[in-house]
Amino acid sequence: VNISLPEETVREIKREVKSGGYASTSEFFREALRSWKRARFLAELEQSRKEIAAGKGKVLHSLKDLR
C-alpha cells in the first residue's frame, strides 16, 4: 500500500517514531488503523444502544440471528 501525505505530516510521523513513540512508521500506521477500527466499532455500539433504548433492538434467539 502506498499513500501520499503532506510533507509536514511526514515530518510529524518521523518525529514521533524517532522520539520512541512508535517502533517504526509501519507501527504508527498499524496503530492508527487499530484506533480507527475501535472508533468505528464504538460508534456502531452506541448506535445499537440508541436503537435498543428506543425499543428498536433486534431479539436474538440464537447466534444464527446475527446474520
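Student: Which residue forms a salt bridge with Glu 27, and how far apart are the closest N and O atoms?

Tutor: Arg 30 is a partner of Glu 27, with the closest N and O atoms 3.2 Å apart. Keep in mind that this is a predicted model. To read such a contact, check the pairing distance against the cut-off: a Lys or Arg side-chain nitrogen within 4 Å of an Asp or Glu carboxyl oxygen. Then check the spacing along the chain. Glu 27 and Arg 30 both sit in helix H2, three residues apart, about one turn of the helix.

Student: Are these two side chains buried, partly exposed or exposed?

Tutor: Buried means under 20% relative accessible area, and exposed means over 50%. Glu 27 has 22% relative accessibility, so it counts as partly exposed. Arg 30, with a relative accessible area of 42%, is also partly exposed.

Student: Where does Arg 34 come in?

Tutor: Arg 34 meets Glu 27 in a salt bridge of 2.7 Å, N to O. Arg 34 is partly exposed, at a relative accessible area of 36%. Now look for shared partners. Salt bridges of that kind join Glu 27, Arg 30, Glu 31, Arg 34 and Arg 38 into one network.

Student: How many salt bridges does the structure hold?

Tutor: Seven. One of them links the side chains of Glu 7 and Arg 11, at 4.0 Å from N to O.

Student: How are Glu 7 and Arg 11 placed in their helix?

Tutor: Both lie in helix H1, residues 7–18. They are four residues apart, so about one helical turn separates them. Glu 7 is partly exposed, with a relative accessible area of 48%. Arg 11 is partly exposed too, at 38% relative accessibility.

Student: On to the rings. How many aromatic pairs are there?

Tutor: Two. For each pair, read the centre distance, then the angle between the planes. Tyr 22 and Phe 28 lie 5.1 Å apart, centre to centre, with 75° between the planes, and form an edge-to-face pair. The ring centres of Phe 28 and Phe 29 are 5.2 Å apart and their planes meet at 80°, so this pair is edge-to-face. The angle cut-off for that label is over 60 degrees.

Student: Which residues do the ring pairs link into a cluster?

Tutor: Tyr 22, Phe 28 and Phe 29. Tyr 22 is partly exposed, with a relative accessible area of 25%. Phe 29 is partly exposed as well, at 31%.

Student: Which residues form a nonpolar patch with Phe 29?

Tutor: Val 1, Ile 3 and Leu 5. Patch residues need over 30% relative accessible area. Phe 29 has 31%. Together the four residues of this surface patch have about 420 Å² of accessible area. Phe 29 itself lies in helix H2, residues 25–53.

Student: Now the whole chain. How many helices and strands does it have?

Tutor: Two helices and zero strands. The radius of gyration is 19 Å, well over the 11 Å that the globule rule gives for 67 residues, so the chain is more spread out than a compact globule. Next, read the dimensions. Along its principal axes the C-alpha trace spans about 50 × 25 × 25 Å.

Notes: Residues numbered from 1 in each chain as written. Predicted model: local features only at pLDDT ≥ 70, side-chain atom pairs only at ≥ 80, totals over all residues. Heavy atoms only, no water. Patch = residues over 30% accessible without salt bridge, like charges linked within 9 Å, V, L, I, M, F, W, Y side chains within 5 Å. Areas by Shrake-Rupley, 256 points an atom, 1.4 Å probe, with all protein chains shown as cover. Buried < 20%, exposed > 50% of the residue type's maximum accessible area, 1.4 Å probe, protein only. Phe/Tyr/Trp six-rings, centres within 6.5 Å; stacked < 30°, edge-to-face > 60°. Rg over C-alpha atoms; globule rule 2.2 N^0.38 Å.
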